[in-house]
Amino acid sequence: MAQTAVASQPSRRAGINFGRAVRRYGWTFAVYALFVLLMIITVIIKPDYGPFEWNTLTLAALPLAFAAVAQTVVVLSGGIDLSVGPLMALANVLALRAMLGHDLRYSLGVAALVLLVVTLAGAVNGLTIVLTRVPDIVVTLATSFIWSGLALLVLAKPTPGIPFDVQNLAQGSALSPWIPNALLLLLVIPLLWVPLRRSRAGLSIYAVGSDRNAAFRSGVNLARSRIMAYAVCGFFAGCGGLALSMTTGVGSPLAGTLYTLSGVSAIVLGGVSLAGGRGGMLGPIAAAYILSLIPAVLIYLGIDPNYGQMIQGLLIVLVVMIGGLGVVLRRR
Amino acid sequence: MAALPNEPPVAEAAPLLEAGGLAKHFGPVVALRSADLRVRAGEIHALMGANGAGKSTLVKILTGALTADGGTIKLGGQPRSFSNTAEARKAGLICVYQDPSLLPDLTVMQNLKLTATPIDTFRRYLDKLGLGGFDLQAMPRELARPTLSLLDLARALAIEPRLLLLDEITASLPADLTVRVFNVARQLRSEMRSVIFISHRLAEVSALCDRATVLRDGRTVGVVEPAQGAEERIVKLMLGPVAEEVTRGAAAQAAPSAHEVAVEVRDLRAGILTGVSFTLHFGEVLGVAALEGQGQQELFDCLAGVRRPESGQIVVGGKARTFRHPADAIRAGLVLIPADRIQALLRQRSVRENIALPLVNRIRRWGPISPRREKRRVESAVKRLQIDTRVQSEVRRLSGGNQQKVVVARWLAGGFKTLLCFDPTRGIDIGTKRQIYGLVKELAANGAAVLLFTSELPEIQLACSRVIVLFGGQLVEEMSAAEADEPALLRAAHGLHSVADAT
């Protein structure tokens, strides 16, 4: 046997490691930088940009941010959930049906119940995937029709009637005109996610998405972690549905369904790896704001906002390409 | 049987682990028929067997990763069975695999948290393994494989296991790190804890282990004390009655300079590789010896068209070539057999399709593939390599050795001039190994040129007629097979120049 001592590993002391910070959080920084850049451009285009416009943006971004965050949890666990939008629609119409004509306290009870129901619906998604071993994309495509159908049964057509007190929870600005409630409501996300991420349960969500075999060998209960990811996804989708109720004041069986794919756009833009295991919540939230800002900017410019979809598509391709370029350059 | 110095004088200590008649099948494939294993407390016990003999399955059953179809496991006299790895871990049984099980996207710290590993103990064992002061915020995705193996080992040690299973952990470790692993294993033994050690390297087994259980075709066929000289017996047990005498030791004799030049490498630079030049002739097997990460990967990548060199030339057939894609290299007659079979094979496809894959490029570019011509060439390659085709519908269900044969068969059917073998026998059992080396020599004798890197230095002499040694990205030594015994190679591979004087 060779006894030669080859110093194989440079041992580094913990500390601030700039290169590593850039590698790990560079994308998130870049997304926020892009958002700030877009905001600056917006203010240049529309010099009288004020609290009202900012409030409008936060209202538009709130449901999308929740949709993105919901999808992020599942994608981190190595899955995909095509039923996020329909789950939001379900929460939205259930809220309207139960809150119609009631006061704030009663409505808050309803909201809690709706969140519970939609969380369970998410868990059903996960349970079906784990038990039947049918691919997640197939299961959630199927359940997306089921949740949509249920939403239509609950409410056949868009109906206004969310109590004003409930709407004001999102639409007002309790603290300052520049800190609208719709921005503060995003705090629900870290409130649940930060403790979860630090716990073994949250780590195991990352683990199953990162390398399922290694996760299994590390003693992670794969089935439980995956089901939990779908349940948490359901919870956030429920938040998204309630956000729709509060920001629009309307219960609509179809409005929510659009959020599945725009949520996926937001997580791609937000730097979450669709292969699972990599990414966080901060990126997708910023991406939701970027995607909501684009149509507004087009209106300010007097361009048909329908171009917004195309620009959104171009933006995603561009950003992902730049990201890919970064990876290539780093390898050199 | 040799008496062992570190054996307690008591005839039979109560076994720590006693497994009897373990069986497991996956559909029609029987992985384990009836495996018996007794491991004493304070013993390093080798588990040996050819590929497909059932070692991995046995390890997985013992650590709860698989549930047995039949048989019993007793731990300290108590019957136990584990339905998952966490349960086995609680009972003090833990396995470290050849490919590390740290999650690539969680920091080392988070990995430890995920498995509820005590950090202090982990640190202590890291110190012992020579990784003191390691930054726990590092991300495994960004770490080198040998480091990951050591981290994984330290994580397993940190739970203070009663029985540690090492499943070919040394296969991806350079020699100096292997020594550290051995030291830790010996320490466990001195604390009356036990280690099950799996390795294809007989030298390691006889250096480290007290006893060895040999498996063949899913059955325990013998328990041996692997003292010096018992190697042949172990090999015979592993190979079984069909054990044929393979001409071992007789180094391939060839007259390389008489033949034409197949490939000439001039002043090649790529990554760590700096200014490497050599010629490879038709009719010879040129060995490449190097420790982990000395530039051999870069060299093979350049030759196979996987990577473009920064400067220097690769001359094939008198012309300097630029390979933009592996297809360019294949067209020039340079084909690669990588260490990792998974890189080369379409795992879900059949043996036949895998072998015929490069044929599709050639026989008929467009239009339908002629099944008859394809079949003929594939069958002759399968026969020549004695590929076990019982489960031919999906390559991933073959054993590692047979998978590697499929890769070789592909190029046999496809045709080539120069074979680039990058550690082709990594993790392959001795029987198959000998077949592969025999084949490589035969190919060279028939006029092909072969460049062969192997991480197992003693095997250089088995197959090669000439050796070049890489160290720190430079070609530091060239010698004939006769000179290239293990000590000489080892010294050269560590960059010690005075080889000629020392021997």
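The model described here is predicted. Leu261(A) is part of helix H12 of chain A, which covers residues 259–269. In sequence, Leu261(A) and Leu82(A) are 179 residues apart, yet their C-alpha atoms are 7.9 Å apart in space.

**A helix pair in chain A**

Two packed helices are described by the angle between their axes and the distance between the axes. For helices H4 and H5 of chain A, the angle is about 145° and the axes are 9 Å apart. The crossing of H4(A) and H5(A) is right-handed. The residues that meet are listed by helix below.

| Helix | Residues of the helix | Residues in the contact |
|---|---|---|
| H4(A) | residues 104–132 | Ala121(A), Asn125(A), Thr128(A), Ile129(A) |
| H5(A) | residues 136–154 | Asp136(A), Val139(A), Thr140(A), Thr143(A), Trp147(A) |

By class, this contact between H4(A) and H5(A) has 4 nonpolar, 4 polar and 1 charged residues.

**A sheet in chain B**

Chain B has an open sheet of 4 strands in the order S12-S11-S14-S15, and the pairing is antiparallel. Which strands are at the edges of this sheet? They are S12 (273–281) and S15 (319–321) of chain B, each of which pairs on one side only. On average, and with direction ignored, neighbouring strands of the sheet are turned by 20° against each other.

Strand S14 of chain B, residues 311–316, pairs with S15(B) in the antiparallel sense over 3 bridges. Val315(B) has Ala320(B) in S15(B) as its bridge partner.

How values were computed: Residues are numbered from 1 along each chain as its sequence is written. Chains are lettered from A and ligands numbered from 1 in the order in which they are written. This is a predicted model: local features need pLDDT of at least 70, side-chain atom pairs count only at pLDDT 80 or more; totals for chains, interfaces and linings use all residues. Axes are lines fitted to C-alpha atoms, for helices over the stretch in contact, and angles run from 0 to 180 degrees between N-to-C directions. Helices (H or I, at least four residues) and strands (E, at least two) are DSSP runs, numbered from the N terminus. A crossing is left-handed if the near helix is turned anticlockwise from the far one by less than a right angle, and right-handed if clockwise. Two residues are in contact if their C-beta atoms, placed from the backbone, lie within 7 Å. Ala, Val, Leu, Ile, Met, Phe, Trp, Tyr, Cys and Pro count as nonpolar, Asp, Glu, Lys and Arg as charged, and the others, Gly among them, as polar. Two strands pair if DSSP finds at least two bridges between them.
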